[in-house]
Amino acid sequence: MGNLERMRKIALGYVVSLFLMAIIYPLTFVGLLLLRSALKDASRTLLKNTTRALVAFLASLPLWVAKLFLGISSYHRVFGINPLTVSPQVYNGVLTAFLILQLVLLYFIYLTLRELAEFFEEPYLRTSGLLLMLAVPMHIISINLYLAATYTAITLLAFSFIRVRRKKPTFLTAEE
């Protein structure tokens, strides 16, 4: 596989993962698997952090389902689920635990972006990862603010990979 094709797969893995995370959270699994398969020949730290992101995602799935049944997620209307009535502590606890796990997931994605940013000398990769992590607390303030920050980060990420592609990079391999 050529370097440009590998870069295309990595960029696709990141963009699909992050876009699905913002829209249809359970399908993030597909994007993370794409990303993991694109990075399988990369350094061990990239692969390890991608695997950790996948584990954090899997740990957060039961909380996403709980959000659905508590009416925190707007998808409860799509699926026709009547929200359960619970105490504010349970409601806020589920939301907080979910957002913490989502932040952990994005932290591991940020670590992979940071390593790629150093390797490809593309600082916008790191910036997009930081913006993604900043978007998580914005979810509490406003869903529109969260989506705006997420889509800005995804756009910045895509722009960064276009810039990397124009440099015609050699790809890092597992040398560790």
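Tutor: Helix axes here are lines fitted to C-alpha atoms over the stretch in contact, and the angle between N-to-C directions runs from 0 to 180 degrees. Keep in mind that this is a predicted model.

Student: Happy to. How do the axes of H2 and helix H3 cross?

Tutor: H3 spans residues 44-70, and its axis comes within 10 Å of the H2 axis, with a crossing angle of roughly 165°.

Student: Why is H2 called roughly antiparallel to H3?

Tutor: Angles over 145 degrees count as roughly antiparallel. The crossing is at roughly 165°, so H2 is roughly antiparallel to H3. As for handedness, the H2 and H3 crossing is left-handed.

Student: Which residues make the contact?

Tutor: On the H2 side they are Thr28, Phe29, Leu32, Leu33, Leu35 and Arg36, and H3 brings Leu47, Thr50, Thr51, Ala53, Leu54, Phe57 and Leu58. Sorted by class, the contact of H2 with H3 has 9 nonpolar, 3 polar and 1 charged residues.

Student: What makes the pair of Tyr25 and Phe98 edge-to-face?

Tutor: Ring centres must lie within 6.5 Å to pair, and planes over 60 degrees apart count as edge-to-face. Tyr25 and Phe98 are 5.0 Å centre to centre with 70° between the planes, and the pair is edge-to-face.

Student: Which parts of the chain does the pair link?

Tutor: Distant ones: Tyr25 is in the loop between helix H1 (3-23) and helix H2 (28-38), while Phe98 is in helix H5 (residues 88-120), 73 residues apart. Ring pairs also link Tyr25, Phe29, Phe57 and Phe98 into a cluster.

Student: How do you know whether Tyr25 counts as buried or exposed?

Tutor: The cut-off for buried is under 20% relative accessible area. Tyr25 has 3%, so Tyr25 counts as buried. Phe98, with a relative accessible area of 3%, is buried as well.

Student: And His139, buried or exposed?

Tutor: His139 sits in helix H6 (residues 123-141). Its relative accessible area is 18%, and the limit is under 20%, so His139 is buried. Leaving aside residues up to four places away in sequence, His139 touches Lys67, Leu99 and Tyr146.

Note on methods. Residues are numbered from 1 along each chain as its sequence is written. This is a predicted model: local features need pLDDT of at least 70, side-chain atom pairs count only at pLDDT 80 or more; totals for chains, interfaces and linings use all residues. Side-chain values use heavy atoms; hydrogens and water are left out. Rings of Phe, Tyr and Trp (its six-membered ring) pair if their centres lie within 6.5 Å; planes under 30 degrees apart count as stacked, over 60 as edge-to-face and the rest as tilted. Helices (H or I, at least four residues) and strands (E, at least two) are DSSP runs, numbered from the N terminus. Buried means under 20% relative accessible area, exposed over 50%, partly exposed in between (1.4 Å probe, protein chains only). Contact means heavy atoms within 4.5 Å. Angles under 35 degrees count as roughly parallel, over 145 as roughly antiparallel, 65 to 115 as roughly perpendicular and the rest as oblique. A crossing is left-handed if the near helix is turned anticlockwise from the far one by less than a right angle, and right-handed if clockwise. Ala, Val, Leu, Ile, Met, Phe, Trp, Tyr, Cys and Pro count as nonpolar, Asp, Glu, Lys and Arg as charged, and the others, Gly among them, as polar.
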